[in-house]
Amino acid sequence: PRFTGPRTFMRLPHVQTTEEVDVAVVGIPIDDAVSFRSGARFGPEAIRSASVLLRPYNPALKVDVSERLSMVDYGDAPSVPGYHEETLARIQVFLEPLHKAGVTPLCIGGDHSMALGELRAAAKVHGPLALVHLDAHSDVWDSYFGIRYFHGTVFRRAAEEGLIDPGRSVQAGLRGTLYGADDEREPARLGFEALTWEQLKDIPPDEYGERVRARVADSPAFLSFDVDFVDPAFAPGTGTPEVGGPTSGQAMSYLRALTGIDFQGFDCVEVCPPLDPSGTTAYLAANACFEMLSLKALGKRTL
Ligand code: MN
Ligand code: MN
């Protein structure tokens, strides 16, 4: 039965090896860098629990992920509660060997600040990456309370450090209240293509996929999925919810449209189990991860 056994992602073997591995699922249990409601440090555990229901065949994309990919649950990256910048450094050290060995990490979080550690590791091997970002927030604020490392500043830091190429990146799903009109212009000012949810909802998933492929071209890419992209009616268990977003079904369709991109890293962040009593958000996150695995599996179809 699928509900038995220790809770690894999709019931994969928990092995810290990079040999003959295509994708390593890595938990990043951190929430020191949230600006509002905390608890995402328990996200990896909840996503793993929800993921045991995932079966290997994706009928929407017509691909069997376990047939195409060799996958492991690599365990959790080290973290130091209360010492965020040290945690980011340890995440980077933990993930670098994966990229060097040609393994694609799928990181389950954890607050969104973890992407900085992930991107530092990825860029070291692949160079600057195209960011494909689904989120209610652009996460390009400069600082909070005078501090530069937060979940809402992560992609500004990544751009400053040259880890991502905004000119090849697309953010989508943006909505919610802002501090001022400048906030809305900031992603474009930094060079990102940024679509609000009001804009994205009028673009069918296929067209969104085309648009992202055109922008990313043949760059190595990183897909970052913040569960608050989805309307809080479908994903209530998250720290900074924004109303008026996509349904879980729409979110899956936009993810599935991202075929034909050279993804070298994936993450799914901001699941906050203490705010997710029915586990809905964790199920959504587990399924979003499954769509990412399916995209990677399709990329291997030529083998
Ligand atoms: Mn985010
Ligand atoms: Mn967000």
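Q: Why does Asp135 count as buried?
A: Asp135 has a relative accessibility of 0%, and buried means under 20% relative accessible area, with exposed over 50% and partly exposed in between (1.4 Å probe, protein chains only), so Asp135 is buried. This is a predicted model, in which local features need pLDDT of at least 70 and side-chain atom pairs count only at pLDDT 80 or more, while totals for chains, interfaces and linings use all residues. Residues are numbered from 1 along each chain as its sequence is written, chains are lettered from A and ligands numbered from 1 in the order in which they are written, and side-chain values use heavy atoms, with hydrogens and water left out.

Q: Which residues coordinate the manganese ion (ligand 1), and which residue bridges it and the manganese ion (ligand 2)?
A: The manganese ion (ligand 1) is coordinated at 2.1 to 2.2 Å by ND1 of His112 and by OD of Asp135, Asp139 and Asp226, and its donors follow the spacing H-x22-D-x3-D-x86-D. Asp139 in the loop between β6 and α5 and Asp226 in strand β9, 87 residues apart, link distant parts of the chain, and both are buried. The bridge is made by Asp135, and the two ions lie 3.2 Å apart.

Q: Why is Arg156 called buried?
A: Arg156, which lies in helix α5, has a relative accessible area of 12% and is therefore classed as buried. Leaving aside neighbours within four places in sequence, Arg156 is in contact (heavy atoms within 4.5 Å) with Asp139, Val140, Trp141, Asp142, Glu186, Arg189 and Leu190.

Q: Why are α9 and α10 described as roughly parallel?
A: Their axes come within 9 Å and cross at roughly 20°, the axes being lines fitted to C-alpha atoms, for helices over the stretch in contact, with angles running from 0 to 180 degrees between N-to-C directions. Angles under 35 degrees count as roughly parallel, over 145 as roughly antiparallel, 65 to 115 as roughly perpendicular and the rest as oblique, so α9 and α10 are roughly parallel. Ser248, Met252, Leu255 and Arg256 of α9 make the contact with Leu284, Asn287, Ala288, Glu291 and Leu295 of α10.

Q: Why are α1 and α10 described as roughly perpendicular?
A: The axes of α1 (residues 43–51) and α10 come within 8 Å and cross at roughly 75°, and the two helices are therefore roughly perpendicular. Ala46, Ile47, Ala50 and Ser51 in α1 meet Ala282, Tyr283, Ala285 and Ala286 in α10.

Definitions and conventions: Helix = DSSP H or I, 4+ residues; strand = E, 2+ residues; numbered from the N terminus. Donors = N, O, S within 2.8 Å, 3.2 Å for Na, K, Ca; no water.
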